[in-house]
Every structure is written in structure tokens, then in C-alpha cells.
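Open the model in your viewer and keep the selection panel at hand. This tour goes stop by stop, saying what to select and what is there.

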There are 4 protein chains.
Amino acid sequence: MTATTLPMLETYPQPINLDRARLAATIDTLVACAEACTACADACLSEDTVSELTKCIRTDLDCADICAATARVLSRRTGYDATVSRALLVACATACRSSGDECARHADMHEHCRLCAAACAEGEAACRDLLTAMG
Amino acid sequence: MTATTLPMLETYPQPINLDRARLAATIDTLVACAEACTACADACLSEDTVSELTKCIRTDLDCADICAATARVLSRRTGYDATVSRALLVACATACRSSGDECARHADMHEHCRLCAAACAEGEAACRDLLTAMG
Amino acid sequence: MTATTLPMLETYPQPINLDRARLAATIDTLVACAEACTACADACLSEDTVSELTKCIRTDLDCADICAATARVLSRRTGYDATVSRALLVACATACRSSGDECARHADMHEHCRLCAAACAEGEAACRDLLTAMG
Amino acid sequence: MTATTLPMLETYPQPINLDRARLAATIDTLVACAEACTACADACLSEDTVSELTKCIRTDLDCADICAATARVLSRRTGYDATVSRALLVACATACRSSGDECARHADMHEHCRLCAAACAEGEAACRDLLTAMG
């Protein structure tokens with residue numbers, strides 16, 4: 001199945017003060033980052049060298065939780081409060097950076113860390129781009 | 001961004017007793033269903049006829065929570081316990097059915113309900129197919 | 001702060017076809033179990049013997065996600081659909097059993113596993129009791 | 001069941017650079033706030049005047065998601081990264097303020113909004129106090 005994030009946003013019955021395609025792309029990127037982090041934490045847990053990957057697991061779990069919450073908040077447009085979205089996007093960018101940096105340290109050893117670091121980098125960029133677009 | 005669910009599963013360092021492509025497709029379908037339900041609940045909340053859509057909002061919220069939890073559990077392969085996955089897939093199929101049925105009742109009036117009903121139908125089918133594949 | 005689960009349920013403006021005190025106690029038990037599992041997974045991750053605790057971490061993470069989703073679903077009474085609650089309570093009891101059994105295996109070595117096993121046992125019992133009460 | 005947040009934190013096997021009792025109290029307050037917001041959103045949904053409560057439902061849902069994610073992140077101490085916790089606490093305080101302000105507007109009419117506004121005020125204060133304690 002293809003995500004229907006943009007088609008769903010296009011049916012939202014009130015105005016949205018952001019470009020809907022950009023907003024949908026941000027949500028999809030964060031949902032994908034959350035999924036990558038959940039999978040990376042579990043893959044790390046199954047490595048023989050798990051004892052060297054405990055910080056990576058932890059930052060993955062945090063990033064998954066924060067990206068998932070941020071995607072949900074961004075998906076809601078009713079009674080929009082920019083201050084909440086902005087603060088959460090800052091936190092989400094911070095979590096993506098932390099998790100991405102940690103995964104990048106293991107990217108040569110573990111392909112799941114390499115892929116997850118890339119997903120986190122996209123997540124961080126998406127948050128910062130939306131913050132810029134929100135003005 | 002494209003979801004990296006399958007590439008991530010392909011880097012999991014231990015055997016997986018399911019076809020990885022099928023498993024990734026199930027996860028992606030449930031993640032997409034969760035996102036559709038979150039957006040549909042919010043679109044319903046912004047309709048002038050919100051008072052007629054309260055049950056739809058509630059079933060959407062439940063389905064979003066259960067699909068998100070199921071996608072996470074399926075994404076974890078370490079120390080796999082089939083009994084948990086099976087019971088959760090049954091619950092997830094039930095939630096998708098409940099939310100999909102409710103959205104279908106409003107599909108003629110609201111395009112977001114039509115799209116969400118389709119996402120829920122795919123979610124339910126994905127759960128049932130994986131249950132069958134798990135044997 | 002004390003949880004306000006029961007006071008909140010007492011202000012729900014429509015009938016609830018379950019004893020509100022019992023329902024609130026179930027929700028509080030599942031919320032506490034979710035929190036215990038989140039903390040136990042992290043404590044396991046910081047043990048020198050983490051490589052022997054990977055299944056425990058995984059079942060903890062699953063149990064946390066499923067208990068949290070179940071507590072949310074039970075907290076919603078609008079447009080109540082018993083089939084979803086029942087299937088989810090079965091899945092939650094299964095997850096609590098799986099996580100509790102795994103934690104119990106490490107209870108002599110790790111106090112966090114002993115406490116978490118007790119929280120999971122209470123979670124499982126709460127799910128089964130509510131299923132019985134629902135008839 | 002009583003939450004075992006503090007007993008669980010006391011079994012964490014490494015140092016924690018914060019007072020454990022304060023940290024546990026913060027987590028419990030955020031978990032209680034999340035639960036209150038989930039219940040308040042649903043109670044609003046069952047009010048005859050739901051069409052006047054749509055913004056309240058939305059801010060409740062956001063606050064529930066953000067408080068739940070924050071409680072999880074704070075519960076993890078492995079590989080601690082203060083920058084993520086700080087940014088998330090700021091976002092959580094912002095969400096509690098937004099939801100609390102909206103609930104307070106309906107506190108005279110709806111007891112669930114009065115209780116939820118109080119829970120949000122405690123959540124916001126807990127976030128700000130922990131930020132201060134973190135230095």
C-alpha cells in the first residue's frame with residue numbers, strides 16, 4: 001500500500017496555512033524515520049556486539065517515539081496552534097540529529113545503522129525545512 | 001521519502017521465519033492505515049457535521065493506536081513470540097474492521113472517510129493474510 | 001501527582017456499561033505496567049549482561065506498546081465497540097504474560113526484572129478480570 | 001495498582017545525574033496528564049456541544065501524545081543525551097500550556113475540562129521544574 005497522507009490532507013475540509021504537499025512529505029518522512037528507528041533498535045539488539053550498541057538502541061527508541069508523536073501532531077489541523085508544532089519540530093530535529101549521529105558511528109559495521117542514519121538525516125532536514133516554511 | 005521498511009528488514013542479522021517482503025508490506029500497510037485514521041479523525045473533527053461523526057472519530061483513534069502498536073511489534077524480530085503477534089494481529093484486524101465499517105457509512109458524504117475506509121480494508125486484509133502466512 | 005483516571009471517568013457524560021471504578025483500576029494497572037516495561041527495557045540495556053537480556057528487552061518493548069494502546073482504547077467510551085476492546089484485552093493479556101514470563105526468568109538477578117514481572121502479572125490479571133466482567 | 005516508577009528508577013544499574021525521586025514524580029505527572037487528556041478528548045466527544053469543543057479535543061490529543069512520548073524518553077537513562085530531553089521538555093510544557101488553556105476555557109461547563117486543565121497545569125510545571133533542575 002502507498003501512504004495516503006497527501007490525499008487525506010487534500011480532503012481536510014478547512015484551510016491549511018501550509019502547502020499541503022510539503023506538509024504531507026514531512027509527515028511521510030517522519031513516519032518512515034520512526035519505522036527505521038524501531039527496526040534499527042531491534043536489529044542492534046540482535047547483533048553479537050549488542051553491548052557496544054546500547055546507546056544506539058536508546059537514541060533509536062527515543063527518535064521513534066518523538067517522530068511518531070510529531071507526525072500525529074502535524075497530521076492534525078483542527079484548532080491549529082503553531083507554538084506547539086514549532087517546539088515539537090525543534091525537539092524532533094534534535095532527536096533525529098542525536099539518533100542519526102549515533103547510527104552514523106556504526107554505519108560502517110552495520111547496514112541497518114547506515115540506512116537509519118540516512119532516514120534520521122532526512123527526518124531532521126524535514127523538520128528544519130517545515131520550521132522555515134512556517135516562518 | 002520512501003519508507004525503508006523492507007531494506008531495514010533485509011539487514012536484520014538473524015533469520016526471520018516469514019517472507020521479509022510480505023512482512024514489510026504488512027508493516028507499511030498498517031503504518032499507512034494508522035496515518036489515514038489519524039488524519040480522518042481530525043478531518044471529521046473539522047466538519048460542520050462533527051456531532052454525527054463522533055463514533056467515526058473514536059474508531060479512527062482506536063484504529064490508529066492499534067495499527068501503530070502492531071506495526072512496531074511486527075518490526076521487532078528479536079526473541080520472537082508468535083503468540084503475541086497472533087493475538088495482536090487479531091485485535092488489529094478487528095479494529096480495522098470496526099473503523100472501516102464506520103468510515104464506510106460516511107464515505108458518500110466525506111472523501112476522507114472513503115479513503116480511510118479503503119485504508120482500513122487494506123489493513124484488515126494485511127492482518128488476516130499475515131495470520132494465514134504465520135500458520 | 002495522583003492519576004485522575006477514576007475522577008475523569010466519573011465525569012464522562014454518557015452511561016458506561018461497566019463499573020467505572022473497576023475500569024479505572026484496569027486502566028491504571030495497564031499504564032503502570034507500560035511504564036514498568038519501558039523502564040525495565042532501559043535498565044536491561046544498561047546491565048553488563050545485556051547480551052543475555054535481549055529477549056527481555058524486546059518483550060518489554062512490545063508489552064509497553066500494547067499496554068499503552070489498550071489503556072487508551074479503554075479510556076474511550078464514545079461509540080463503544082466491545083469486539084475491539086475484547087480482542088485487544090486478549091492481546092494485552094498475552095503480551096503481559098510473555099513479558100512477565102521473560103522478566104521472571106531474570107528476577108533473581110535483576111530487581112528491575114522482579115518488579116516488572118510483578119507489574120506484568122497485575123496487567124495480565126487486570127485484562128482477564130475485565131474480560132470476565134464484560135461477559 | 002500503584003505506579004512503580006520510582007522503585008523502577010531505583011533499580012537502574014548506572015548513575016543518574018538527577019534526583020531519582022524528582023525524575024519519577026515528573027514521569028508520573030506526565031503519564032497522568034496523558035491519561036487525563038485522552039479521557040477529556042473522549043468526554044468532549046460525547047458532549048452534546050461537541051461542535052464547540054473541537055479545538056479542545058485536538059489540543060487534548062496532541063498533549064496526550066507528547067506527554068506519553070516525553071514520559072518514555074525521561075524513563076530511559078542509557079546513553080543519556082540532555083539536548084533531546086531539554087528540547088522535548090520545552091515542547092511538552094508548550095503542549096500542556098496549550099491544552100490546559102483550552103480546557104480552562106470550558107472548565108465552568110465541563111468538569112472533565114476542569115480536571116484536565118489542572119492535570120495540564122501540573123504537567124507544564126513538572127516540565128519546567130525538571131528543566132530548571134537539569135540546569
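Helices here are DSSP runs of H or I with at least four residues, and strands are runs of E with at least two, numbered from the N terminus. Keep in mind that this is a predicted model.

**Stop 1: chain A by itself**

Reading from the N terminus, its elements go α-α-α-α-α. That makes 5 helices and 0 strands.

Now switch to C-alpha atoms. Along the principal axes, those of chain A occupy a box of roughly 50 × 30 × 20 Å. How does the radius of gyration of chain A sit against that of a compact globule? For 135 residues, such a globule would come out near 14 Å; chain A has 16 Å, which agrees.

Colour chain A by burial. Of its 135 residues, 65% are buried. Then look at the contacts in chain A with a separation of 6 or more: residues 24 or more positions apart account for 68% of them.

**Stop 2**

**Stop 3: the axis between A and B**

Keep both chains on screen. Superpose chain B on chain A: a rotation of 180° with 0.0 Å of shift along its axis does it, at an RMSD of 0.0 Å. The two copies are thus related as by a two-fold rotation axis.

Which residue of chain B comes closest to the rotation axis? Select Val31(B): its C-alpha lies 3.9 Å from the axis.

Now compare the two faces. The copies meet through the same surface, because 100% of the interface residues of chain B are also interface residues in chain A.

**Stop 4: chains C and D**

A turn of 180° and a shift of 0.0 Å along the axis give an RMSD of 0.0 Å. Select Val31(D): in chain D, its C-alpha is the nearest to the axis, 3.9 Å away. In chain D, 100% of the interface residues are also interface residues in chain C, so these copies meet through the same surface.

**Stop 5: one helix, end to end**

Finish on H2 of chain C, residues 20–45. This helix has 26 residues. From first C-alpha to last, H2(C) reaches 38 Å, close to the 38 Å expected at 1.5 Å a residue.

Is H2(C) largely enclosed or largely open? Here 22 of its 26 residues are buried, so H2(C) is largely enclosed by the rest of the structure.

Notes
Residues are numbered from 1 along each chain as its sequence is written. Chains are lettered from A and ligands numbered from 1 in the order in which they are written. This is a predicted model: local features need pLDDT of at least 70, side-chain atom pairs count only at pLDDT 80 or more; totals for chains, interfaces and linings use all residues. Copies are superposed by least squares on the C-alpha atoms of residues with pLDDT of at least 70 in both. Two residues are in contact if their C-beta atoms, placed from the backbone, lie within 7 Å. The expected span of a helix is 1.5 Å times one less than its number of residues. A residue is buried if 20 or more other C-beta atoms lie within 10 Å of its own, exposed if 12 or fewer, and partly exposed in between; C-beta atoms are placed from the backbone. The radius of gyration is taken over C-alpha atoms; the globule rule is 2.2 Å times the number of residues to the power 0.38.
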